[in-house]
Amino acid sequence: MKNAIRTLSGVTPVAVLTKPFPCPGSCIYCPHEENVPVSYLAQEPAVMRAITNRYNPFDQVSYRLNQYIKTGHITQKVELIILGGSWSSYPFEYRKEFVKSCLDALNKKKSESFEEAASINEKAEHRMVGLSIETRPDLITPKEISRMRNLGVTKVELGVQTTDEEILKLIRRGHGVKEVKKATQLLKDAGFKVLYHIMPGLPGASPKKDLEVFDILFQNSAFQPDMLKIYPCVVVSQTELYHWFKEGKYVPYANSELLDLLIKIKGKIPPYVRLMRLFRDIPANYIQGGSKKSNLREIIREELERRGLACQCIRCREIRNQTPEKNLTLKRINYEASQGREIFLEYIDSQDRIYALLRLRIPSYVFKKSESLFKVLGNSSIIREIHVYGVSTPLSNKGKVQHRGLGKKLIEKAQEITQREFGLGKMAVISGIGVREYYRKLGFKLQETYMVKELK
Ligand code: SF4
Ligand SMILES: [Zn+2]
């Protein structure tokens, strides 16, 4: 199996791009290339695949699935990752048709409607177990949340970039920190997993300020992202930043400075956060200023080892295809987030390696005694994520780590906490369309796009 690493988290990621649309933002570092969605570059691998398939969602998914199958990957559990800029600003009809076509490709059958495609996918050979989109925080409204749920979205990548108000103004982000906090709360209360894009090294930043951003992210309960993609700022041509760079108004960090910063950042990531990326793979020929080192990740790993440090994020602790231990411990971490309570449960072994996790949220409206956005979520806790790690195993097989009943045990624990500690009468799961069957077997029923279990 080539590139086994991609499916080692238990799920096969399939990234597809929307066709180019204008973006309501005008961030100074953002490239605009012809026939490429804003903020992307023609020579990035996912973009090249999308161009080959003329941005057709059906063809992109089929093409990627076939690539995976040819290289020996198991593709029954697919996480669909829709890229291409500010999803929420695109025409809704386009978005609906886009997701439908992706489902059609997974189902290997063209359906009459979105609803039909979704229903077929519940029992299809390639099931969509998660759907991720990327968007701007200021586009997250209650209406947009409903639309995302109707399309089966489970994870939202937010372009946050920094928590520094001055820098946000300087880079013409077009929104402030207030919008980030509000979006985070709305999303979490509706059960979404929230991923932040953070950009160290922006104009106006310094390594010291950048490091403070990470303190703020995890000490201020208004942020607390579940996942992070860190994209150090680089200068590419056709951007405003390129002019600033030429005029000497912007000076990127030196490689050694950036390296030191990223190592320190790693040390600040809490164990309940997954650090997805430490940089974006931008082809070196695009980079006019900033780090071109494509092996930065290895250098950082070696440097961490040399300094005797280890990143404790989820990604670095996943069991993957290592030999599992027999005795596991259920560990619990509680933290406040967006005026609600987060309970992070994980099965770990004696080396702190992670086998399964569950994110349970007691939403803010439970404490504020206010209305929930979706009626069905009233008086309910919400499971925002369940993940069992290890090699992706076929749905019917007993795998090394997946399908050992860890997911079920975590759900039972979450139910106990919901009932005994918070006295709530329901537990809801934001479930990918392709995982609904799994929850049905555990006594959950589909209500308003959520899988819900009434607790006696
Ligand atoms: S919001 Fe994103 S896509 Fe839009 S201009 Fe800013 S960086 Fe580019
Ligand atoms: Zn890590």
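Which residue in β6 does L195 stand opposite? L195 stands opposite M227, in a chain whose secondary structure comes to 15 helices and 16 strands; helices (H or I, at least four residues) and strands (E, at least two) are DSSP runs, numbered from the N terminus. This is a predicted model, in which local features need pLDDT of at least 70 and side-chain atom pairs count only at pLDDT 80 or more, while totals for chains, interfaces and linings use all residues. Residues are numbered from 1 along each chain as its sequence is written, and chains are lettered from A and ligands numbered from 1 in the order in which they are written.

**Overall form**

- Along its principal axes, the C-alpha trace spans about 65 × 50 × 45 Å.
- Buried residues make up 46% of the 456 residues; a residue is buried if 20 or more other C-beta atoms, placed from the backbone, lie within 10 Å of its own, exposed if 12 or fewer, and partly exposed in between.
- Of the contacts with a separation of 6 or more, 72% are between residues 24 or more positions apart, where contact requires C-beta atoms, placed from the backbone, to lie within 7 Å.

**The sheet**

- An open sheet is formed by 7 strands in the order β1-β2-β3-β4-β5-β6-β8, with parallel pairing; two strands pair if DSSP finds at least two bridges between them.
- The edge strands, each pairing on one side only, are β1 (12–17) and β8 (274–277), and the twist averages 25° from one strand to the next.
- Strand β5 (residues 193–198) runs parallel to strand β6 (residues 227–230), and 4 bridges join them.
- Helix α1 (residues 45–52) lies across β1 and β2 (77–83), running at about 65° to β1; axes are lines fitted to C-alpha atoms, for helices over the stretch in contact, and angles run from 0 to 180 degrees between N-to-C directions.

**Annotated cysteines**

- The UniProt annotation "binding site", from an unreviewed entry, covers C23, C27 and C30; positions are given in the numbering used here, feature names are shortened, and annotations may be inferred rather than shown by experiment.
- C23 is in the loop between β1 and α1 and is buried, with 20 other C-beta atoms within 10 Å; leaving out residues up to four places away in sequence, C23 touches V38, G85, S86 and S89.
- C27 is in the loop between β1 and α1 and counts as buried, with 21 C-beta neighbours inside 10 Å; leaving out residues up to four places away in sequence, C27 touches I171, R172 and R173.

**Helix α3**

- The 16 residues of α3 (residues 92–107) should span 22 Å at 1.5 Å a residue, which agrees with end C-alpha atoms 22 Å apart; the expected span is 1.5 Å times one less than the number of residues.
- Buried residues of α3, including F98, V99 and L103, pack against β1, α2 (57–70), β2, α4 (114–121) and β3 (127–135).

**Positive phi values**

- Most residues other than glycine have a negative phi.
- Just after α3, K108 takes a positive phi of about 55°.
- Q238, in the loop between β7 (235–236) and α9 (240–246), has a positive phi near 65° and counts as partly exposed, with 14 C-beta neighbours inside 10 Å.

Conventions:
Contact = placed C-beta atoms within 7 Å.
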